[in-house]
Amino acid sequence: MKYIEFGKNHVNISSIILGMMRISSLSAKEVERLIDTTLDSGINAFDLADCYADGLCERIVGKVLASRPDLRDRMWIQSKCGIRRDNGLKYFDFSGEHITEAIDGILTRLNIDHIDSLLLHRPDALMEPYEINEAIGAAVSSGKIIDFGVSNMNPMMIEMLSRDVTERISVNQIQLSAAFTPSIDAGLHVNMSTDSGIVRDGSILEYCRFNNIVIQAWSVLHYGFFEGVFIGNPKFPELNKVLARIAEENNVTPEAIAIAWVLRYPGPMQAVIGTTKPVRIEQMALAADIELSRREWYEIYQAAGNTLP
């Protein structure tokens, strides 16, 4: 397993993170087995959010930690807040009051005394940086959170927050996979009048690399916006052919090669995987030990249907 130095304390966390959005249908015993397998595979980072199954995912993990307190010291736990639902209405809330309440709720559900990393989930158009600064500053001072970051934000949003928020933004979580590459396309088609040349995210990869902000890629095996998995999908015959060939050459699964493609990015990068099957965690963990050649990386990129100038 490959590890990166993260946050103000430069803690070593795995380049692969287990996303726990889909554990709500599992029992506490099944989640305990999932966590044990994940740790045994060298993955020590776990990602949650207070909106996942309305907090149920966090409660299940909290139940596991209550019965297995020995696990906590081995787990780097991250959660997110800011997405709210009220009588069927979804909206985003980065108010200081909500952030403070959300942090307390996360800690209670997880049965822990601090969160290793807290991310603000999808951007709130009404966010006030000074409110965020007060809420995050108080949480850091009281030891409730260690590191702070964002999710799905562009460079100007991060710049706006950084001007008034004292705590350093350590991470930005964005969607990225071999079949979802707008952040890469624009950089490869600079100054070209093609759809691929449109900068949709403010050059977030380059910005985060320049500022040493960790990128956490989510939906690393999906295409589109929750449209489905591209592995084994007939919509991506050439991509699957290339992934299968490289996987066979490395004695791993095509999923591992697809994750290795994401991790090949030279800036600080992590890949969030979302499986609930222990055997798949073991298989995907092998991705961290594979460094694709430049030729292989570009072959996969083009096999997904992308072009080069």
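Helices here are DSSP runs of H or I at least four residues long, numbered from the N terminus. The model we are looking at is predicted.

Let me begin with helix 3. Helix 3 has 15 residues and spans 21 Å from its first C-alpha to its last, close to the 21 Å expected at 1.5 Å a residue. Most residues other than glycine have a negative phi.

Which residues of helix 3 are buried? They are Gly96, His98, Ile99, Ala102, Ile103, Gly105, Ile106, Leu107 and Leu110. In an α-helix there are 3.6 residues a turn, so residues three or four places apart point the same way. Keep that in mind when you look down the helix on the screen. The buried residues of helix 3 pack against several elements: helix 2 (56-67), strand 5 (76-81), strand 6, strand 8 (115-120), helix 4 (129-141) and strand 9 (145-151).

Asp93 sits between strand 7 (89-92) and helix 3 (96-110), in the loop. Is Asp93 buried or exposed? Asp93 counts as buried because its relative accessibility is 11%, and the cut-off for buried is under 20%. The Asp93 side chain makes a polar contact with the side chain of Arg84, at 2.7 Å. Leaving out residues up to four places away in sequence, Asp93 touches Gly82, Arg84, His98 and Asp124. One of these, His98, is among the buried residues of helix 3.

Next, helix 2. Helix 2 has 12 residues, and from first C-alpha to last it reaches 17 Å, close to the 16 Å expected at 1.5 Å a residue. Its buried residues are Cys57, Glu58, Ile60, Val61, Gly62, Val64 and Leu65. Helix 1 (28-40), strand 5 and helix 3 are included in what covers the buried residues of helix 2.

Take Gly62 as an example from helix 2. Gly62 has a relative accessible area of 4%, so it is buried. Which residues does Gly62 contact, apart from its neighbours within four places in sequence? Arg109, Leu110 and Asn111.

The largest pocket holds about 690 Å³ of space. Of the 34 residues that line it, Met21, Arg22, Tyr52, Trp218 and Phe226 are the closest to its centre. Strand 6 (83-86), strand 14 (269-273) and helix 10 (278-285) are the elements that give two or more residues to that lining. By type, the lining of the largest pocket divides into 16 nonpolar, 10 polar and eight charged residues.

How much space lies in the second largest pocket? About 360 Å³. Its lining has 13 residues, and Arg209, Tyr265, Pro266, Trp297 and Tyr298 lie nearest its centre. Helix 6 (182-188), helix 7 (204-210) and helix 11 (294-303) each supply at least two residues of this lining. Helix 6 gives the largest share, four residues. The lining of the second largest pocket divides into seven nonpolar, two polar and four charged residues.

Helix 10 came up with the largest pocket, and Pro278 is in helix 10. Pro278 counts as buried because its relative accessibility is 13%. Which residues does Pro278 touch, not counting those up to four places away in sequence? Arg33, Leu34 and Thr37. Pro278 and Thr37 are 241 residues apart in sequence, yet their C-alpha atoms are 6.0 Å apart in space.

Last, two loop residues with positive phi. Ser219 has a phi near 55 degrees, positive in a residue other than glycine. Ser219 is in the loop between strand 11 (214-218) and strand 12 (222-223), and it is buried because its relative accessible area is 13%. Asn251 also has a positive phi near 55 degrees. Asn251 lies in the loop between helix 8 (237-250) and helix 9 (254-263). Is Asn251 buried or exposed? At 71% relative accessibility, Asn251 counts as exposed.

That is the end of my part.

How values were computed: Residues are numbered from 1 along each chain as its sequence is written. This is a predicted model: local features need pLDDT of at least 70, side-chain atom pairs count only at pLDDT 80 or more; totals for chains, interfaces and linings use all residues. Side-chain values use heavy atoms; hydrogens and water are left out. Buried means under 20% relative accessible area, exposed over 50%, partly exposed in between (1.4 Å probe, protein chains only). A polar contact is a pair of N or O atoms within 3.5 Å; within protein, one must be able to donate a hydrogen and the other to accept it, and residues adjacent in sequence count only if both atoms are side-chain atoms. Contact means heavy atoms within 4.5 Å. On a 1 Å grid over the protein atoms alone, a cavity is a set of points where a 1.4 Å probe fits but cannot get out, and a pocket is an open set with protein on both sides within 12 Å along at least five of seven lines; lining residues have an atom within 4 Å of a point. Grid points are joined across faces, edges and corners, and a volume is the space filled by probe spheres set on the points. Ala, Val, Leu, Ile, Met, Phe, Trp, Tyr, Cys and Pro count as nonpolar, Asp, Glu, Lys and Arg as charged, and the others, Gly among them, as polar. The expected span of a helix is 1.5 Å times one less than its number of residues.
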